[in-house]
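Hello,

Here is the structure we talked about. Please open it and keep it beside this email while you read.

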Amino acid sequence: MSTSTNTNTNTNTTIETVNPATGRPIAVYEAWDAARIETAVARAHAASLAWARVPVTERAGRAARLAGTLREHAGQLAELAVAEMGKPVTEAAGEVEKSALTADYYARQGPDLLADQRVAVDGAEAWVAHEPAGLLLAVMPWNFPVWQVMRFAVPALVAGNGILLKHASNVTGSALALQDLFVEAGFPDDLVSALVVADVDVPGVTARLIEDERVAAVTLTGSNRAGAAVGAAAGRAAKKSVLELGGSDAFVVLDDADVERAAAAAVKARFTNSGQSCVCAKRFIVAAPVADAFTAAFVAGVESLRLGDPRDPDTQVGPLARDDLRAAIQRQVEESVAAGARLLTGGKPLPGEGYFHQPTVLAGTGPGMAAFDEETFGPLAAIAVARDTEDAIRLANATAYGLGLSVWTADASRGVAVARRITSGAAFVNAIVASDPRLPFGGTKRSGYGRELAAEGIREFTNTRTYWVAA
């Protein structure tokens with residue numbers, strides 16, 4: 001697997017990764033100049049043209065080998081995620097296994113999902129084909145350094161495309177390890193090319209790559225600001241884009257819900273990955289009759305979470321990935337309390353090494369407060385009390401985001417009826433929002449557009465082509 005250089009020049013030409021549990025440097029990488037990026041693009045483009053001609057059954061077979069390779073290197077990949085972004089080790093291992101399961105899924109289902117679809121027409125033979133789009137640019141975030149890449153890359157590769165991967169710079173080691181992993185699994189050299197680009201250069205490099213005629217389309221998972229820039233650049237170039245952006249998911253507890261069950265699920269839904277997930281539940285909207293009981297159980301669960309060294313298998317909450325992210329959470333806490341929210345537990349960054357922040361719960365939140373209106377990317381939960389079901393629906397919809405939704409009730413049909421009135425890309429009843437390779441994943445409103453996973457995901461970056469052959 002790739003290793004870092006030890007070059008230590010100016011900050012514009014190097015990338016330093018830092019262990020968020022200690023604040024200490026891990027490695028320094030030499031950032032690529034324009035000539036090296038051009039070489040990578042040229043090689044990736046050539047590889048993608050050749051790969052498109054490989055039969056889909058063979059491409060799917062490589063995905064099956066990738067699943068095994070992921071499992072063989074699970075320990076190393078998990079250690080990288082722990083070191084580079086502070087993910088608790090048990091969650092890091094789970095992320096790798098989920099990626100392997102996704103590779104298994106597309107190895108089995110990919111050929112059928114991409115098969116020609118015959119259409120009955122008079123006097124001709126007609127069908128719809130899903131053909132490779134070409135070389136794709138993928139701008140990926142740090143919070144799931146393996147899974148975020150794999151959930152896009154596996155279906156894209158089975159569909160016959162090549163990939164330029166611009167991973168977040170704080171997980172550069174993970175990006176290079178994944179690049180090597182694809183080659184070890186039997187994918188051609190250069191088909192997946194990790195670009196080592198310093199943060200200061202990312203916007204310009206991304207824009208130029210989108211403009212490049214060799215790049216067919218772009219996908220981004222990240223912030224709304226980055227998504228707006230990528231979407232605009234893709235629009236100017238008349239190229240397909242898929243954007244998976246932020247989320248402020250509602251976790252709605254109706255008055256007939258099993259409160260203890262809902263509260264236990266709420267703790268997991270909010271604090272998995274130390275709260276650093278777009279689909280973490282963030283706004284807990286609770287019907288007034290059960291609000292006190294839910295809040296008490298939820299706070300007790302939060303206070304029992306084990307915060308500490310992410311290398312320890314017993315740790316449930318690790319550090320935030322960067323110190324500026326911890327500062328953002330603290331600002332949201334302080335602004336919300338100043339606006340009238342009540343601090344129930346936590347509320348402070350921890351002193352000492354690393355970027356740790358106490359798991360925090362605010363009550364009495366609502367529209368107009370930072371913890372309710374903004375995406376909170378860390379261990380901060382906001383509780384809002386709803387007068388009745390109509391008020392719960394109003395509060396759940398009072399957001400610019402629309403990624404996931406979780407509704408808790410004793411009556412599943414009631415939960416579905418409520419979910420249908422709340423805008424989101426996915427709705428879960430009596431379950432935590434999660435992604436699954438068998439189901440499409442994506443958002444609405446400011447949470448983005450396009451879909452990953454399932455049939456929709458593998459077809460997103462294909463040319464849906466009509467064939468008509470006259471008799």
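**What turned up**

T399 is buried, with a relative accessible area of 15%. The cut-off explains the label: buried means under 20% relative accessible area. Keep in mind that this is a predicted model.

Where does T399 sit? Look in the loop between α13 (389–397) and β15 (401–402). Leave aside residues up to four places away in sequence, and T399 touches S248, R283 and K445.

Now go to A81. This residue is part of helix α3, which covers residues 74–85. A81 counts as buried because its relative accessibility is 2%, and buried means under 20%. Which residues does A81 touch, not counting those up to four places away in sequence? They are G86, K87, A92, P145 and S174. N19 and A81 are 62 residues apart along the chain. Their C-alpha atoms are separated by 9.9 Å.

**The second largest pocket**

This pocket holds about 690 Å³ of space. Its lining is made of 26 residues. Nearest the centre of the pocket lie E91, K98, F144, K268 and T272. Which helices each supply at least two residues of the lining? Look for α4 (89–113), α5 (147–158) and α9 (259–271). What kinds of residue line the pocket? The lining divides into 14 nonpolar, six polar and six charged residues.

**The whole chain**

The chain has 15 helices and 20 strands. Its radius of gyration is 23 Å, and the globule rule gives 23 Å for 471 residues, so the chain is as compact as a globular protein of that length. Along its principal axes, the C-alpha trace spans about 70 × 65 × 40 Å.

How much of the chain is buried? Of the 471 residues, 57% are buried. T399 and A81 are among them.

Last, the surface. The accessible surface of the chain comes to about 18,600 Å². Carbon and sulfur atoms hold 52% of that area.

Best wishes

Methods. Residues numbered from 1 in each chain as written. Predicted model: local features only at pLDDT ≥ 70, side-chain atom pairs only at ≥ 80, totals over all residues. Heavy atoms only, no water. 1 Å grid on protein atoms, 1.4 Å probe; cavity = no way out; pocket = protein on both sides within 12 Å on 5 of 7 lines; lining within 4 Å. Points joined across faces, edges and corners; volume = space filled by probe spheres on them. Helix = DSSP H or I, 4+ residues; strand = E, 2+ residues; numbered from the N terminus. Nonpolar A, V, L, I, M, F, W, Y, C, P; charged D, E, K, R; others polar. Rg over C-alpha atoms; globule rule 2.2 N^0.38 Å. Buried < 20%, exposed > 50% of the residue type's maximum accessible area, 1.4 Å probe, protein only. Areas by Shrake-Rupley, 256 points an atom, 1.4 Å probe, with all protein chains shown as cover. Contact = heavy atoms within 4.5 Å.
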